[in-house]
Amino acid sequence: MPKALSIRVNGARLSVPPGTTVLAAILSAGASTVRRSVSGEPRGPLCAMGICFECRATVNHERHARTCQLLCAPEMDVRTDD
Amino acid sequence: MSPPVYDVLIIGAGIVGAACAAACAREKLRVGIVEAEMIGGGATAAGMGHLVVMDDSEAQFALTHYSRTLWRELAAKLPGDVEYDPCGTIWVAADDDEMRAVTEKKQFYESRGSRAEILDSRSLRSAEPHLREGLPGGLLVPEDAVIYAPCAARFLTEQAQSRGAQLHLPSVVTEMTSEGVRLNNGSTLTSRFTVLAGGAWSSTLLPGLAVRKRKGHLVITDRYPGFVRHQLVELGYLKSAHSTTEDSVAFNVQPRKTGQLLIGSSRQYDAEDSAIDHAILTRMIARVQEFIPDLGRFSAVRSWTGFRPATPDKLPLIGPAPGRENLFLATGHEGLGITTSLATAELLMDQLLGRESKIPIAPYLPNRVCEGVHA
């Protein structure tokens, strides 16, 4: 079994197997709102294949990363609900 | 013969037509507005929505300055969805030559009553930290603003309607006569005066009119609040706007109230096709990245094109159509129609009512570039 990666989701440490998408990590960390719409409404993943843009979150201080298309990397910092 | 239904019939509910309608209705004229597709759906929706004072010529300065003053007076009444943002413009100098031009530009603005402030290299960086290092400075014009223009056109149209103006939408004008217009359903609308405010489509109704389509591209990004704080324009912008033959691009970025960034600009004549031209879009983005390298990391959510109504001397046509009875023009505003719409409406009103205008109107009268035009 390959070694697990350590990332942070909203400041909390999380250990995930290599190959985990950032979206899967967010959901397993218990976050239900991934982002906010322009009028402040909660948004979560819909298509999980890079088309709907609903799973965007801030990854390593870069806003609007499509988390369903991004694999976790060691020490990644993920912020939801921006 | 029965009297005309309207005093003034305005063709086109873009920002210019809407402003004319609001001004005429305010003066208690009976106003009709004929729009073929939607309110503010042409260049009004395609453009950047800047309210900016420009110094390409004395006449351009006079009109943009007068109009910006009117926008500033109206600002408190604008509904929230117009997104009036008094962010100011920074004209960014790319090299020392352009920095010398900044000093002249400041004197030009200030001696004519518009505030302007020189930024050196350091104060430019602190005003806009994401501009690339090493830029020599720029000129801040703090009273400039940006708006979301389609909602402003709707607001002005509603203002006119609340004072009795009638909106004919959707209605397509097929012919303008000295008694009014004929519509494509065969009916006619009668008026004392007709005002053609058809933007880039004006020459469709008036073949031979000196208004050409000038295509532009824009890109809007996802939301990155605070990344850019002012409207940013390269000082070389006028060089781009000036070219009358070549395709050109210029760095122009605006912050929107949503946190999105609106990115321009490109200019192309004789490009009738509204499809994205990827070669010029790529040039435009590359130009912007010369000034803001970090922009390349951001997601663009949409790009689109539009058509500016361009005249040979870069000034709009406001006044009687040469060789035509009872027909006035309010068109040819190129890329400045959002800024100059309100002043255009005042100058047009003054001519309809035989009043003196606040600025000299000769530079905008259509007879300077059009001989008689016949439908």
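Residues are numbered from 1 along each chain as its sequence is written, while chains are lettered from A and ligands numbered from 1 in the order in which they are written. Because the model is predicted, local features need pLDDT of at least 70 and side-chain atom pairs count only at pLDDT 80 or more, whereas totals for chains, interfaces and linings use all residues. Helices (H or I, at least four residues) and strands (E, at least two) are DSSP runs, numbered from the N terminus.

**Helix H1 of chain B and its partner**

- H1(B) has 12 residues and spans 16 Å from its first C-alpha to its last, close to the 16 Å expected at 1.5 Å a residue; the expected span is 1.5 Å times one less than the number of residues.
- Since 11 of its 12 residues are buried, H1(B) is largely enclosed by the rest of the structure. A residue is buried if 20 or more other C-beta atoms lie within 10 Å of its own, exposed if 12 or fewer, and partly exposed in between, with C-beta atoms placed from the backbone.
- The buried residues of H1(B) include B:Ile15, B:Val16, B:Cys20 and B:Cys24.
- The axes of H1 (residues 15-26) and H6 (residues 149-162) of chain B come within 8 Å and cross at roughly 25°. Axes are lines fitted to C-alpha atoms, for helices over the stretch in contact, and angles run from 0 to 180 degrees between N-to-C directions.
- H1(B) and H6(B) are therefore roughly parallel; angles under 35 degrees count as roughly parallel, over 145 as roughly antiparallel, 65 to 115 as roughly perpendicular and the rest as oblique.
- Among the residues making this contact are B:Ala18 and B:Ala22 of H1(B), and B:Ala153 and B:Leu156 of H6(B). Two residues are in contact if their C-beta atoms, placed from the backbone, lie within 7 Å.
- The residues of the H1(B)–H6(B) contact divide into 11 nonpolar, 2 polar and no charged. Ala, Val, Leu, Ile, Met, Phe, Trp, Tyr, Cys and Pro count as nonpolar, Asp, Glu, Lys and Arg as charged, and the others, Gly among them, as polar.

**Another helix pair in chain B**

- H3 (residues 58-74) and H10 (residues 337-353) of chain B pack at an angle of about 85°, their axes 7 Å apart.
- That makes H3(B) roughly perpendicular to H10(B).
- The H3(B)–H10(B) contact has 6 nonpolar, 5 polar and 1 charged residues.

**A buried lysine**

- B:Lys215 sits in strand E12 (residues 212-223) of chain B and counts as buried, with 24 C-beta neighbours inside 10 Å.
- Leaving aside neighbours within four places in sequence, B:Lys215 is in contact with B:Gln268, B:Ala271, B:Thr305 and B:Phe307.

**Backbone features to look at**

- Most residues other than glycine have a negative phi, and most peptide bonds are trans.
- A cis peptide bond joins B:Leu169 and B:Pro170, with omega about -5°.
- Another cis peptide bond, with omega about 5°, joins B:Gly264 and B:Ser265.
- A:Asn60 has a positive phi of about 50° and counts as exposed, with 11 C-beta neighbours inside 10 Å.
- B:Glu334 has a positive phi of about 45° and is buried, with 22 other C-beta atoms within 10 Å.

**Where the chains meet**

- In the contact between chains, 6 residues of chain B touch 4 residues of chain A.
- The chain B side of that contact divides into 1 nonpolar, 2 polar and 3 charged residues.
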